[in-house]
Amino acid sequence: MVYARLILLRLFKAAIVLLMIIIFNFLLIQLAPGDPAAIMAGEAGAADEAFIAQLRERFGLDQPLYVQLWKYVSGILSLDFGYSYRQQMPVLDLILDRLPATLLLTGTAFVLSLVLGIVAGSMAAMRARKPSGSVIMALALLFYATPLFWVALMAVVLFSVYLDWLPAYGMFTVGANLQGLDLVLDIALHLILPATTLGLFFMAVYTRMTRTSMLEAAQQDYVKTARAKGLAPGVIQRRHILRNALLPIITLAGLQAGQMVGGAILTETVFAWPGIGRLMHEALVQRDYNLLLGVFFFSAAMVILFNIITDLIYRIADPRIKEASA
Amino acid sequence: MSFFARFARNRGALFGLIILWVIIGMAILAPIVFPESPWRMVQRPFLPPFAVDGMWLGTDTMGRNVAAGLMHGAWVSLLIGLISTSVALLIGVPLGAIAGYYGGWLDDALMRFTEFFQTIPNFALAIVLVAVMQPSVTSIVLAIALVSWPPVARLVRAEFMSLRHREYVEAARLIGQTNTQIILRQILPNTLSPIIVLASLMVATAILLESSLSFLGLGDPNAMSWGYMIGAARTVIRQAWWLSFIPGVAILLTVLALNLVGEGLDDALNPKLARERH
């Protein structure tokens, strides 16, 4: 019951945020220099006068602003994200077509970075006063400061060009027509480089968070009690410190989701991974504003959905929250 | 212990400061060492580093001097990082101060607004803003500022909330200081050290954001930047990997230096916390 109410509340909040993003998108189109109809049509040859006039009529650009806004919002609410004149397809179809690839990439990178980050961070916390702990933190700082797209490019140079171990582009071998398990293996092989490079930055973030969080938890009274009871240090680290330190990490990890989507735009561009991030880059290059705003809306929706999921995980993991907020 | 002694005790911070001064030196000396435009084609394209005298780092795909691009790019990166962080502070500090000082519905409304900006994926928003406003230094600065002010607002709000009922604030109120005076003269000076630390880290993030934007082709078409250099060399990565490698190292070192300096500032400005942490 409590969860149902909670989910409803979160969905309601999410709906408001999404509505604000739609309005924001509308304002962005207004903000753009030049004729919105020309922008929507794209700036290339396709935009002849008759076509622009047709668009202007369709979007009611001669009408007052609030009427235009209403038309725009109701259009999106009925899942009409417009038409991509460059790709000759409705924006929604293009995005839905590319969404699974992005979910696979960001999901893998997220799990990878979270697991490795927590492991590295807790190792650094346990060796806080030893050189090995400092080495882990120095590496984390290094990855934190490295531009994601550059790591991706250097990984291509090293692992694809020189060592020739891993494929650098795409999601599967073109023309191989693989089926079943072979296809899964092929995709997994193509996934290694993009997911690792995307995950590296976030691994650094989670490593730093885990260390701080664990050092904080180690100061608590219940840790002193456990130590006084004579529990083995390893047991205290795992059961008392790490478990309690994990809670804030889950919340912060959820907040990082937005960054992950942003990182996917860069990674997908470098590795030609057929997801919505690369779609966004294509929209940029082709000045396809309809598509650009559509992808932007979907990436925000993904982040909101992800935040709701981590929020629920957090509440299930920590029953104390329930009483406080329900 | 003096401020600098506390800062210098953190050896990483000292190292960061040295790198940062080198980068600043590069930016300042760029127009002196390479008075010509970094966009000018000066030699055969694809010269590897140290192959020809006077072209220490070689030339790019169009025969432009990589060293000149690197030095002029330092100027662009630092400039955009500093200005966009200042603009973000100009948005975030007043909003956070008002929300934290007055509380109530005003706080609620401002925090909802802040949350909204925090929910939207940062980088995607920056891309959309620059694309719609057309790439230029101004639009890039605005976009970076618009995506980076929320943490400032949250930090300043938290500081104001914890300080607004302190005795010296009550005393100022008793002697008849107005709310504006109390905010600006009493509380704000006491929130400066965490703001300075956050700002130094924000400059680093802003430089990363700028390089990512110009890598995607959203840089100012008149400003040579490190991200642009990597983006332009991307297609020839199999033939000339160093063209992407060199500017990337520059970004990495700058961002690393700023992070180290930020940590050092944190230690120097909050000596109590630093002792607990180490």
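## Basis of the model

Because the model is predicted, local features are given only at pLDDT of at least 70 and side-chain atom pairs count only at pLDDT 80 or more, whereas totals for chains, interfaces and linings use all residues. Residues are numbered from 1 along each chain as its sequence is written, while chains are lettered from A and ligands numbered from 1 in the order in which they are written.

## Chain A: overall form

Chain A has 14 helices and two strands, where helices (H or I, at least four residues) and strands (E, at least two) are DSSP runs numbered from the N terminus. Its C-alpha atoms fill a box of roughly 85 × 55 × 40 Å along the principal axes. Of the 326 residues in chain A, 38% are buried; a residue counts as buried if 20 or more other C-beta atoms, placed from the backbone, lie within 10 Å of its own, as exposed if 12 or fewer do, and as partly exposed in between. Among the contacts in chain A with a separation of 6 or more, 69% are between residues 24 or more positions apart, a contact being a pair of residues whose C-beta atoms, placed from the backbone, lie within 7 Å.

## Two domains in chain A

The domain assignment divides chain A into domain 1 (2-91) and domain 2 (99-325), with bounds that come from an automatic or database assignment. The centres of domain 1 and domain 2 of chain A, taken over C-alpha atoms, are 32 Å apart, and 20 residues of domain 1 are in contact with 16 residues of domain 2. On the domain 1 side, helix H1 (2-31), helix H2 (36-41) and strand S1 (83-84) of chain A each give two or more residues, and H1(A) provides the largest share, 10 residues. That side has 13 nonpolar, four polar and three charged residues, with Ala, Val, Leu, Ile, Met, Phe, Trp, Tyr, Cys and Pro counted as nonpolar, Asp, Glu, Lys and Arg as charged, and the others, Gly among them, as polar.

## Helix H5 and the annotated spans of chain A

Helix H5 of chain A (residues 91-126) has 36 residues and reaches 50 Å from its first C-alpha to its last, close to the 52 Å expected at 1.5 Å a residue, the expected span being 1.5 Å times one less than the number of residues. A kink of about 35° lies at A:Leu99 in H5(A), shortly before the proline A:Pro100; the bend is the angle between axes fitted to the seven residues ending at a position and the seven starting there.

An unreviewed UniProt entry lists "transmembrane region" for several spans of chain A, including residues 99-123 and 135-163, and such annotations may be inferred rather than shown by experiment. In the model, residues 99-123 of chain A are 100% helix, with end C-alpha atoms 36 Å apart, whereas residues 135-163 of chain A are 90% helix, with end C-alpha atoms 27 Å apart.

## Chain B

Chain B comprises 12 helices and zero strands, and its C-alpha trace spans about 75 × 45 × 30 Å along the principal axes. Of its 278 residues, 49% count as buried.

For chain B, the "transmembrane region" spans from the unreviewed UniProt entry include residues 12-34 and 123-147. Residues 12-34 of chain B are 96% helix and their end C-alpha atoms lie 32 Å apart, while residues 123-147 of chain B are 88% helix with end C-alpha atoms 8 Å apart.

## Contact between the chains

Between the chains, 38 residues of chain A are in contact with 32 residues of chain B. Several helices of chain A each supply at least two residues of the side that touches chain B, among them H1, helix H6 (131-145) and helix H13 (289-317). By class, this side of chain A has 31 nonpolar, seven polar and no charged residues.

Methods
Two residues are in contact if their C-beta atoms, placed from the backbone, lie within 7 Å.
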